[in-house]
Amino acid sequence: MALALQTFPTVKDANAALKAAGTRYLGGGTLVVRAANEGDVSVSGLIRSTDPALSAIAVAGGKARIGASVTMAAIARHPDLGALAKAARAVGGPAIRNMATIGGNLFAPAPYGDFAVALLALDATVDTEDGELPIEAFLAKRDDSRAIVSSVRFTLPKADGFRFLKVSRVKPKGVSVLSIAAVLEQAADGTVSSARIALGCMADRPMRAKAAEKELEGKKLDQNGIAAALAAATEGIAPITDPIASAWYRAEVLPVHLGRLLLA
């Protein structure tokens, strides 16, 4: 079945067209085109926008705004987004990174969506035509959303304050067994003053490790200090099972890899 493609100059116009039944938004195409090629008959038309704001990156005053059509490759090479380069490079191989967009990654189901894990740890705000939402709220209701994501905004982490780890069986571009992102702030005495930890593949979408975060506060990042956080890391998780790994295996190795990330 042929797919109709409509292109609009603004996000507002594209968003209006997306209300038609059977339409899907086309960003980089790594998700929707694959679904159509695999026989997803629910997709009858593709909507895209050439709005320049979708491809813009703005960094000023310690804050960043990234348009939803910005690719992983563009993020990885941007001089002011070096802290996120590792997370961007974790998405597929070079060909995928040249196509995969930040907006599409927000909708990617596990075991994909590694960059969305990083954005969750960064406490990003997601901008859509319907308004703005904290990323945690956006991810919770993303399956029901028909509004086009226009950008994401977040505060740049302090130097050495952002950590990211992707675990995969095939290097360097295998899909995730799990991924972890953390934003950590430490007091003058070396104890953790605040922590945000996000997990990938521990549910059908990125999730926070809130119990582990709580256990880290006031502790030092050494073996003794992180022990309680590692013990709490699996609280509330519901890992996926797929051809890459079972839910049991993902749950077993999560504390191991979280420990490595925290002690890095």
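Q: How many aromatic pairs does the structure hold, and of what kind is the pair of Phe107 and Phe138?
A: In this predicted model, the structure holds 1 aromatic pair. Phe107 and Phe138 form it, with 5.5 Å from centre to centre and 80 degrees between the planes. Because planes over 60 degrees apart count in this class, the pair is edge-to-face.

Q: How many residues apart are Phe107 and Phe138?
A: Phe107 belongs to helix H6 (residues 102–107), and Phe138 belongs to helix H8 (residues 135–140). The pair thus links distant parts of the chain, and its two members are 31 residues apart.

Q: Is Phe138 buried or exposed?
A: The relative accessible area of Phe138 is 2%. Buried means under 20%, so Phe138 counts as buried.

Q: Which element gives the most to the lining of the largest pocket?
A: The largest pocket holds about 1,000 Å³ of space. Its lining has 43 residues, and among those nearest its centre are Gly104, Phe107 and Ala108. Strand E2 (23–25), helix H2 (32–37) and H6 each give two or more residues to this lining. With 4 residues, the element that gives the most is H6.

Q: How many residues of the lining of the second largest pocket are charged?
A: The second largest pocket, with about 190 Å³ of space, is lined by 14 residues, and Glu185 is one of the closest to its centre. Strand E10 (176–186) and strand E11 (192–200) each supply at least two of the lining residues. The lining divides into 7 nonpolar and 3 polar residues, while the number of charged residues is 4.

Terms used. Residues are numbered from 1 along each chain as its sequence is written. This is a predicted model: local features need pLDDT of at least 70, side-chain atom pairs count only at pLDDT 80 or more; totals for chains, interfaces and linings use all residues. Side-chain values use heavy atoms; hydrogens and water are left out. Rings of Phe, Tyr and Trp (its six-membered ring) pair if their centres lie within 6.5 Å; planes under 30 degrees apart count as stacked, over 60 as edge-to-face and the rest as tilted. Buried means under 20% relative accessible area, exposed over 50%, partly exposed in between (1.4 Å probe, protein chains only). On a 1 Å grid over the protein atoms alone, a cavity is a set of points where a 1.4 Å probe fits but cannot get out, and a pocket is an open set with protein on both sides within 12 Å along at least five of seven lines; lining residues have an atom within 4 Å of a point. Grid points are joined across faces, edges and corners, and a volume is the space filled by probe spheres set on the points. Ala, Val, Leu, Ile, Met, Phe, Trp, Tyr, Cys and Pro count as nonpolar, Asp, Glu, Lys and Arg as charged, and the others, Gly among them, as polar.
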